[in-house]
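This briefing looks at one structure, with notes on its aromatic rings and on one of its helices. Keep the sequence and the 3D view open while reading.

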Amino acid sequence: MIKKIDYKNYGELTTVHNDTYFYRKTGTGPQTILIQPAWGSPSAEWWGIQDKLSEFATVITYDRLGYGFSSASKKPRTPAIVSLEMNEILLKLGIQNPVLFIGNSLGCLYIRAFMIKYPDS
């Protein structure tokens, strides 16, 4: 028997354009940090680091569509689309600029695409 894990023990869900994203927001510091995991990785891989960074910053991790607790993807997983989704999530969560980004592997490519499209972030 497979036990279903309840996302409520770890974070929250938000909906943007009929897609459901799981995110975890910790800390209350003045600097906001968004962590973008590697290809094939859920946000949970970063929660230990997120907890440490939360001692002095507000830190957000989220599962891209198709990963973790987020809904399946209906769109291609291109840097342009993922960077647009990142922006929509930040707006939905009311995150103000500037944001410090941490990316791992493919996550760096998504952040680079985001920075090109939204240079004032």
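Tyr10, Phe22, Trp47 and Phe69 form one aromatic cluster. The model is predicted.

**Aromatic pairs**

- The count of aromatic pairs in the model comes to seven.
- Phenylalanine 101 belongs to strand E5 and phenylalanine 114 to helix H3, so their pair ties together parts that are 13 residues apart in sequence.
- Phenylalanine 101 has a relative accessible area of 15% and is buried, because the cut-off for buried is under 20%.
- Phenylalanine 114 is also buried, at a relative accessible area of 0%.
- Phenylalanine 114 pairs with tyrosine 118 too: the centres are 4.9 Å apart and the planes are at 40°, so this pair is tilted.
- Tyrosine 118 is buried, as is phenylalanine 114.

**A charge over a ring**

- Arginine 64 lies over the face of tyrosine 67, at 5.2 Å from the ring centre.

**Helix H2**

- Helix H2 covers residues 79-92, which is 14 residues.
- From first C-alpha to last, H2 reaches 20 Å, close to the 20 Å expected at 1.5 Å a residue.
- Its buried residues include Val82, Met86, Ile89 and Leu90.
- The buried residues of H2 pack against several elements, among them strand E1 (12-16), strand E5 (99-103) and helix H3 (106-117).
- After H2 comes glycine 94, with a positive phi near 70°.

Technical notes. Residues are numbered from 1 along each chain as its sequence is written. This is a predicted model: local features need pLDDT of at least 70, side-chain atom pairs count only at pLDDT 80 or more; totals for chains, interfaces and linings use all residues. Side-chain values use heavy atoms; hydrogens and water are left out. Helices (H or I, at least four residues) and strands (E, at least two) are DSSP runs, numbered from the N terminus. The expected span of a helix is 1.5 Å times one less than its number of residues. Buried means under 20% relative accessible area, exposed over 50%, partly exposed in between (1.4 Å probe, protein chains only). Contact means heavy atoms within 4.5 Å. Rings of Phe, Tyr and Trp (its six-membered ring) pair if their centres lie within 6.5 Å; planes under 30 degrees apart count as stacked, over 60 as edge-to-face and the rest as tilted. A charge sits over a ring if NZ of Lys or CZ of Arg is within 6 Å of the ring centre and within 35 degrees of the ring normal.
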